[in-house]
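I opened my notebook to look up a few places in this model. Here is what I noted, entry by entry.

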Amino acid sequence: MSKYGTLSRSDGHSKWFLQKTLTEHDRSMDNPWMQMIYNQCFSIKQYASWLAINHAIFQALERSLDPSLEPLSRVHDPELHRTKKLEVDLARLLGPTWNEEVQQICKASEATRRYVELLEKDAADPWLLLAHHFLQYNAVLAGGSYLGEMVSQKLCVPHGAPGVQFYDFAGVQHGKQPARVQRYLRDFDKIQIEDGVRHDMLATMTRIYEDTEAMMAEVFALNPADGIDYKKAKDKTTDAPSATPPPCAEQLTLSLSQLQAYTGTGEARILLSLAGELLDVSAGREMYGPGGGYAILAGHDVTRCLATMSLEAGDLDDLRWTPDCAEDEEALNNWRSRLKEKYPVAGKLTADKTPTTTTEGLRKRTPEASAKPSVAGEKAGTSEKCPISGKEGTCPMAAILGGGKTPAKAPSAPATGSKPQGTFMAGKSLVASVEKKSSSEESLLYRLCPLHWDDKTIKMVVMIAVTSWMSGIFVGWNLRRALLS
């Protein structure tokens, strides 16, 4: 049964085209290459080749589009464009030389060259170009919902992450693609198409399916494997979830510095840490091993990176980080369940035993920032002591109540072997959440000292002062009038 069976409208051109191409559509759905995707038994290089072919198709299609002209203006939406999304995925899967590799893949694909050549000829006729538009974008919208989920599970990345952005449409929530297809079909049905033109478009669509099957056959031949048909794959997803892989026989306890040795170099083991647990991701060597799209994560604590959807090196190994919003906490939980369903637990991560001599695991301020005087009084070698709270610094109360000056402490030298950091806790800071207030900060005397007032307190005092002054003027004026009368 076609996925379009529940999407087609009861009348209009869209239903006619979908019915006329139903056999070709269903045949493409159960193509051996599609069955490999359903069964998640494809290789990364093989899938990258499929994306490279689609990149050539959508690049040629989007170069030929003029959305301001009829009939494309009725159905086109810039958010449908796939070229940029495909480039993000290819860069993640193939690395910085993705462009050269894509050119080589497409050059070696006879079916791709044929499709692009015929597309460029069809572009001279806006109606034939509409036929390409109709099939290609709806194929990704309708079929991409399920295909994207299969690829996400295989790569173990969430929907919309680099590697699976091809199936992510701006403004379309995950799982809501059928509603977007319905909108496309309603707009398509409003176009007036003559019978002769309609048959020309149908012939073009039939040829597109033939070329698509030829391209699928080329990709399948790169690494043939037994797949599973669409119906069985859908039934499989409704079954009870498979058991998580059992923990590794040897449970390790590693520090962050020890973990960094498990990057898969020389076919060795690949480990990463997530929320304090070590996961053995060696089975995903194509993704996490040297040269893989997510090799940056191997041998590191990736809690902050995955929860905040960041692949910046500066967000690795931040053991102090904890979710500070509901979105980050949800993302972290999703990552934990997704990865633990696929990879076994290998142990736990502990903080390094010598945190004072290393910056591993705990983000530190730069030596320059630590040594920098924080108050003006320290520049002169002395600092005033607040007579109320006992805190050091320039305090206005010291001039009124008096208070001794204490010699400023010399900045301590940075620990040997420590590495300077460009920034401190770039991104979401945890300093406020991990530093506990001292008892003096909670005292009444501390709160009375103007040196320690925050902006809210200052504004409140100013408002009270202004209100009192205006009230005094009003009362004084009325009292004066009463006396004069």
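**Entry 1: a serine pair.** I looked at S255 and found a polar contact between the side chain of S255 and the side chain of S257, at 3.1 Å. A polar contact here is a pair of N or O atoms within 3.5 Å; within protein, one must be able to donate a hydrogen and the other to accept it, and residues adjacent in sequence count only if both atoms are side-chain atoms. S255 sits in strand β1, residues 252-255. Helices (H or I, at least four residues) and strands (E, at least two) are DSSP runs, numbered from the N terminus. S255 has 11% relative accessibility, so I put it down as buried. Buried means under 20% relative accessible area, exposed over 50%, and partly exposed in between (1.4 Å probe, protein chains only).

**Ground rules.** This is a predicted model: local features need pLDDT of at least 70, side-chain atom pairs count only at pLDDT 80 or more, and totals for chains, interfaces and linings use all residues. Residues are numbered from 1 along each chain as its sequence is written, and side-chain values use heavy atoms, with hydrogens and water left out.

**Entry 2: D77.** I found D77 in the loop between α4 (44-64) and α5 (83-94). Is D77 buried or exposed? D77 counts as buried because its relative accessibility is 16%. Its side chain makes a polar contact with the side chain of R180, at 3.5 Å. Setting aside neighbours within four places in sequence, I listed R180 and R183 as in contact with D77. Contact means heavy atoms within 4.5 Å.

**Entry 3: helix α3.** I checked α3 (residues 32-39) against α10 (residues 195-222): their axes come within 8 Å and cross at roughly 55 degrees. So α3 is oblique to α10. Angles under 35 degrees count as roughly parallel, over 145 as roughly antiparallel, 65 to 115 as roughly perpendicular, and the rest as oblique. P32, W33, M34 and M36 of α3 meet M216, V219 and F220 of α10.

Next I asked how many residues of α3 are buried. Six of the eight are, so α3 is largely enclosed by the rest of the structure. The buried ones are W33, M34, Q35, M36, I37 and Y38. At the start of α3, a side-chain oxygen of N31 comes within 2.9 Å of the backbone nitrogen of W33. Just after α3, Q40 has a positive phi of about 55 degrees.

**Entry 4: L319.** I placed L319 in the loop between α14 (303-307) and α15 (326-342). L319 counts as partly exposed because its relative accessibility is 31%.

Conventions:
Axes are lines fitted to C-alpha atoms, for helices over the stretch in contact, and angles run from 0 to 180 degrees between N-to-C directions.
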